[in-house]
Amino acid sequence: MTQVPDDYDPAELEPRLQQRWLDDETYRFDGDANDPDTAYVVDTPPPYPTGELHIGHALNWSYMDFAARFHRLQGDDVLFPQGWDCHGLPTEVKVEENEGIQRTDVPRDEFREMCVEHTRHQIDSMKETMRELGFSQDWNAEFRTMDPEYWGKTQQSFVEMADDDLVYRDEHPVNWCPRCGTAIADAEVEPIDREGTLHYVTFPGAGNDDVEIATTRPELLAACVAIAVHPDDERYDGREDDTFEVPLFGHEVELIEDEDVDQEFGSGAVMICTFGDKQDVTWWAEHDLDLRAVFTEDGHLNEDAGDYAGLTIDEAKEAVADDLDDEGYLNDTEPTEQSVGACWRCDTPIEILSKEQWFVEVDKEAILERADEVEWIPEHMQQRLVEWTEGMDWDWVISRQRVFATPIPAWECNDCGHWHIATDDETPVDPTEEPPAVGSCPECGGESWTGETDVMDTWMDSSITPLHLSGWPLDIDLAEFEPVSLRPQGHDIIRTWAFYTLLRTGELTGEKPWENVLVNGMVFGPDGNKMSKSRGNTVSPEEAVEEYSADAARQALALGGQPGSDVQFQWKEVKSASRFLTKLWNIVKFASGHFDEDTPDIADPAYRDADDWIRAKATRVASDVEAEMEAYRFDAALRELREFAWNDLADDYVELAKGRLYNGRPGERDAARKALYDVVSVVTRLLAPFSPHLADEIWTHLPGTEGSVHTADWPALDAYDEDAEARGEVIAEATREIRAWKSANGYPLNADLDDVELYFDPGAAVENVDTYDLSETVNAPVRVRTGRPNVELVPIDVDGDDAEIGPEFRGDAGIVLQALSEADPAVIQAQKNSGDTITLEADGEEYELDAEWVTVEEEYRAEGGEEVAVVETEFGTVLVYP
């Protein structure tokens with residue numbers, strides 16, 4: 001036990017404790033991550049290392065830290081790792097910008113090393129913010145997807161899936177970003193709304209009548225392979241198989257019928273191109289149409305576009321439309337609203353190109369079955385996964401035409417084109433630098449190979465985090481995998497991280513990846529809008545920590561709303577949390593003045609009702625908070641804890657116990673000391689998940705404690721007694737109300753009172769209330785009475801409204817006011833009760849006043865005529881005799 005400093009100084013204690021936790025390895029995981037009976041494993045999101053940990057990160061990591069700290073207190077062996085999802089295009093772009101180069105200007109391995117160095121610096125910055133916020137990761141379990149030790153596992157999982165025929169290489173239409181120069185998955189395509197132009201274009205008939213089509217993409221005329229109409233559209237009856245010449249380009253196409261055509265769009269006739277959108281891909285496959293590719297990978301038109309070759313897509317759109325108009329094919333144009341798929345990284349509209357790529361097979365039914373086995377918190381978030389999965393049209397394209405990512409462990413035979421995939425024991429391997437171990441080609445015997453230069457989608461790395469955390473492949477086989485405890489993540493990546501993990505880890509193990517998915521929402525600015533620099537409403541975690549403290553910022557995030565809901569960052573919540581922490585510090589400082597090394601071991605204390613009450617309530621609150629924490633309702637848990645600590649402990653019990661603590665006999669003092677110690681110990685441990693710094697600091701000042709509060713046990717105070725809680729509530733409420741009455745009536749809180757009487761409402765199930773502490777606190781003898789209080793409301797004074805009486809009676813106003821002051825208050829009250837006017841006599845004159853101009857002051861009198869105050873409470877009535 002040590003002396004508590006006078007002032008709570010988070011700027012001093014928070015960094016000090018953070019360093020101590022690191023030095024002592026307070027959060028080190030020593031168990032078996034694959035043992036569901038002892039381990040609580042957090043499948044921590046590996047964030048992209050932007051160098052900045054924003055307030056949305058702070059919310060997500062606060063949730064997982066609350067859970068990790070709670071489960072440690074529950075006795076679980078907690079693995080709370082921290083990974084970094086390093087690979088990806090944004091890093092390549094940033095390195096090119098910083099170094100003033102293009103990635104093709106330097107050797108592949110040199111550019112990758114530049115990306116690695118850049119990422120290391122970014123990670124260091126984010127780690128520092130995580131530490132400042134008091135997050136309790138085990139840094140011995142840190143991993144980076146850019147390290148061979150990790151991406152070798154990604155490759156091995158690729159090999160395992162290929163062995164099960166779940167990975168394949170094929171030519172197929174894929175989403176393509178012209179700016180990034182790579183294929184992207186459906187999950188990486190974001191819809192953007194914009195205004196386009198609908199062009200009505202005549203296609204001349206070849207031996208039959210012309211037809212008018214409507215299109216927003218005239219630049220795709222060179223790629224047109226058919227015209228489609230709805231079979232029920234009477235405008236085109238009998239025209240199926242008619243042939244038409246594509247204007248400007250001259251090749252012929254046929255008219256086909258398909259029920260997916262929207263008859264209400266444009267003219268009802270549309271051109272099918274390869275490819276304008278996914279619908280084109282569907283029609284192309286179903287009707288076995290030709291492939292006419294006219295777009296290049298960098299967003300230009302190729303030589304098949306004739307005179308338009310070399311133009312960008314936007315330039316071609318304008319040029320083709322102008323030429324259609326000049327040649328008389330363009331009949332009309334009109335504006336139209338469009339929703340266009342765009343690359344999630346650069347917002348460039350994507351194109352669909354037919355490319356040889358690597359794919360992972362998507363078994364939608366299996367994914368949904370595994371998702372149904374997981375508990376989603378909140379439950380409705382599962383529906384986002386369901387809707388995304390059910391809407392999937394294509395398998396997952398996993399190859400990317402970039403550098404900084406996990407290499408695809410495959411080589412192509414230069415003689416016969418056979419693709420060889422590495423074996424498990426070859427990984428990690430970079431096929432651009434090393435030949436395959438197989439030697440000669442198993443198909444043709446050739447010995448010349450070219451390593452695959454494409455790399456994997458970054459989600460291939462992060463979708464095996466549960467396997468990595470469980471120790472695969474060194475400590476367990478895939479068949480031995482057990483679902484990890486918790487996947488915390490944002491709702492914005494349900495369609496990516498959650499989906500791909502269910503797919504990949506599920507296919508590899510046959511198991512669900514996790515027991516629970518805890519979903520967090522977004523953090524909005526103090527003004528209620530999405531945070532953005534242009535709005536000027538951004539808040540950084542560092543800013544909140546510097547202004548108040550990490551512990552206060554964490555509480556504000558916890559109280560922002562239930563998991564899954566969007567949270568508005570409010571400075572007033574941070575300020576309120578800071579005030580609460582200061583209040584608690586002061587309570588502990590007061591309490592510690594009454595503790596000594598023997599306090600925890602006081603035997604057989606003679607508790608009074610106030611002691612039994614606070615101990616019973618602390619027991620119930622600990623149970624309630626435990627239940628809320630187990631259900632991940634952090635806001636409800638913290639709210640109940642704060643109300644108990646602030647209202648019941650600080651405002652009520654401490655005031656009730658002060659008399660015994662300062663002036664009680666030894667046995668009375670010991671009972672109050674022991675009760676206060678037990679409850680402070682409980683509050684400290686309940687607070688530890690939310691405000692870990694203050695909780696740990698308090699813990700070190702309490703007698704009978706060892707080490708960190710974060711290695712202690714959840715409170716096991718077994719003192720609940722419903723009757724004791726009910727009796728204590730009476731004492732606490734009576735104390736509050738009497739002290740409030742004193743304040744409102746100008747009495748010092750330590751002023752003596754003649755008497756206090758407690759009357760209980762009929763049916764109140766409270767008996768034998770111990771009023772000792774109440775009497776000491778309000779400085780009055782306290783008696784419990786039966787029946788109803790016998791009091792009478794008596795008029796004692798009369799007052800007139802000068803503003804009304806003066807103008808009405810002018811020169812006689814003084815006489816009227818004097819008469820009012822001398823009148824019998826009871827008589828005036830009777831007149832007010834019986835009518836709308838009051839009659840006065842003065843100097844032989846009679847005056848009639850509006851009753852509303854007159855106020856009669858009343859006060860209660862007891863049966864014996866004494867002045868008494870009547871205070872109504874939840875349990876009944878309190879009479880206060882001043």
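**Figure 1. Three strands make an open, parallel sheet.** In this predicted model, β15, β23 and β22 form an open sheet in the order β15-β23-β22, with parallel pairing. At the edges sit β15 (375-377) and β22 (484-490), and each of them pairs on one side only. From one strand to the next, the twist averages 20°. (Axes here are lines fitted to C-alpha atoms, for helices over the stretch in contact, and angles run from 0 to 180 degrees between N-to-C directions.) A strand or helix is a DSSP run: helices are H or I with at least four residues, strands are E with at least two, and both are numbered from the N terminus. Two strands count as paired if DSSP finds at least two bridges between them. β15 and β23 (residues 514-520) run parallel and are joined by three bridges. If you look for Trp 376, its bridge partner in β23 is Val 517.

A quick note on reading all the views: residues are numbered from 1 along each chain as its sequence is written, and side-chain values use heavy atoms, with hydrogens and water left out. Since this is a predicted model, local features need pLDDT of at least 70 and side-chain atom pairs count only at pLDDT 80 or more, while totals for chains, interfaces and linings use all residues.

**Figure 2. β11 pairs with β9 and with β10.** Strand β9 (residues 224-229) and strand β11 (residues 252-257) pair in the parallel sense over three bridges. β10 and β11 form a hairpin with six residues between them, and Leu 248 in the turn has a positive phi of about 75°.

**Figure 3. Two cis peptide bonds sit in loops.** The peptide bond from Thr 274 to Phe 275 is cis, with omega near 0°. You'll find Phe 275 in the loop between β12 (270-273) and α6 (278-286). Another cis peptide bond joins Trp 472 and Pro 473, with omega about 5°. Pro 473 belongs to the loop between α11 (465-469) and β22.

**Figure 4. Helix α16 and a positive phi just after it.** Helix α16 (residues 609-630) has 22 residues, so at 1.5 Å a residue it should span 32 Å, and its end C-alpha atoms are 31 Å apart, which agrees. (The expected span is 1.5 Å times one less than the number of residues.) Just after α16, Tyr 632 takes a positive phi of about 60°. Elsewhere, Glu 25 has a positive phi of about 50° although it is not a glycine; Glu 25 lies in the loop between α1 (10-24) and β1 (39-41).

Figure 5. The largest pocket has a volume of about 1600 Å³. (On a 1 Å grid over the protein atoms alone, a pocket is an open set of points with protein on both sides within 12 Å along at least five of seven lines, while a cavity is a set where a 1.4 Å probe fits but cannot get out; lining residues have an atom within 4 Å of a point.) Points are joined across faces, edges and corners, and a volume is the space filled by probe spheres set on them. Helix α2 (55-73) gives the most to this lining, with five residues. By class, the lining has 16 nonpolar, 16 polar and eight charged residues. (Ala, Val, Leu, Ile, Met, Phe, Trp, Tyr, Cys and Pro count as nonpolar, Asp, Glu, Lys and Arg as charged, and the others, Gly among them, as polar.)

**Figure 6. The second largest pocket.** About 1200 Å³ of space lies in this pocket. Its lining takes in 46 residues, with Arg 217, Gly 276, Asp 277, Ser 339 and Val 340 nearest its centre. β13 (330-343) is one of the elements supplying at least two residues, and β13 gives the most, with six.

**Figure 7. The largest cavity.** The whole structure holds four cavities of 30 Å³ or more, and the largest has a volume of about 210 Å³. Among the 20 residues that line the largest cavity, Gly 88, Leu 89, Glu 188, Arg 400 and Thr 458 are the closest to its centre.
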